[in-house]
Amino acid sequence: MGLLGAVRLLPELIGHLLHGEPPPAAPKHMRLRDTTTMPASSGGWILLGERSGEEIALGLVGKFWQPVIEYAHVTAEDFSAFSEPGYAKTVYALAVRPLESGEGTLLSAVMRTATTDEHARRWFRRYWTFGVGSGAHVLAGGLLDAAREDAELRETP
């Protein structure tokens, strides 16, 4: 997961270095909720909705196919209606449900992306098809694996 994240950030890091700027320091740790406090220009997610202890939905609007992603500044209230041409809108939702057996919990994740016009759809499709975007599946899978491992450690007496 770290390698994929580093590869995705490489163009931005090179841009900082070429302009004589130090790259931003990586946080020591980050929780999913922490991403909602980050500015949109840094890829901060928008909290779209939440059912405490059950489900959280986050949104992100940007031109993900660009070497340095251009993010749109969108509020939760405006997310659904946002239609400025040239962008993609992604929703990432995580939910937990108790298993019917009463032993354990099911953590599920859904990620959906829509584009605001045909031009953006073509660019996003290329981005996804050539494997760059599919790294998001690896990152999302890694998040689920980390959550499972943490939950199993907490269950161990």
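Q: What is a nonpolar core, and which residues of the largest one touch the most other members?

A: A nonpolar core is a set of buried Ala, Val, Leu, Ile, Met, Phe, Trp, Tyr and Cys residues joined through side-chain atoms within 4.5 Å. In soluble globular proteins, nonpolar side chains tend to be buried together. In this predicted model, the largest nonpolar core has 14 residues, and W45, F64, W65, A88, Y92, F124 and Y127 touch the most other members. At least two residues of this core come from each of β2 (55-63), β4 (88-98) and α3 (118-129). Another core, of seven residues, lies apart from it and includes I46, V61, A72 and Y87.

Q: With which residues is Y92 in contact, leaving aside its neighbours within four places in sequence?

A: Y92 is in contact with W45, I56, A57, L58, A109, V110, M111, A140 and L143.

Q: Is T90 buried or exposed?

A: Buried means under 20% relative accessible area. T90, in strand β4, has a value of 6% and is therefore buried. Its side chain is joined to that of T113 by a polar contact of 2.8 Å. Not counting residues up to four places away in sequence, T90 also touches W45, L58, F64 and F79, among others.

Q: How is the lining of the second largest pocket divided into nonpolar, polar and charged residues?

A: The lining has twelve nonpolar, four polar and eleven charged residues. The pocket has a volume of about 900 Å³, and of its 27 lining residues L94, A95, V96, L107 and A147 are the closest to its centre. Helix α4 gives the largest share of the lining, ten residues. Among the other elements that each supply at least two are β1 (46-51) and β5 (105-115).

Key:
Residues numbered from 1 in each chain as written. Predicted model: local features only at pLDDT ≥ 70, side-chain atom pairs only at ≥ 80, totals over all residues. Heavy atoms only, no water. Buried < 20%, exposed > 50% of the residue type's maximum accessible area, 1.4 Å probe, protein only. Helix = DSSP H or I, 4+ residues; strand = E, 2+ residues; numbered from the N terminus. Contact = heavy atoms within 4.5 Å. 1 Å grid on protein atoms, 1.4 Å probe; cavity = no way out; pocket = protein on both sides within 12 Å on 5 of 7 lines; lining within 4 Å. Points joined across faces, edges and corners; volume = space filled by probe spheres on them. Nonpolar A, V, L, I, M, F, W, Y, C, P; charged D, E, K, R; others polar. Polar contact = N/O pair within 3.5 Å; in protein donor to acceptor, adjacent residues only side chain to side chain.
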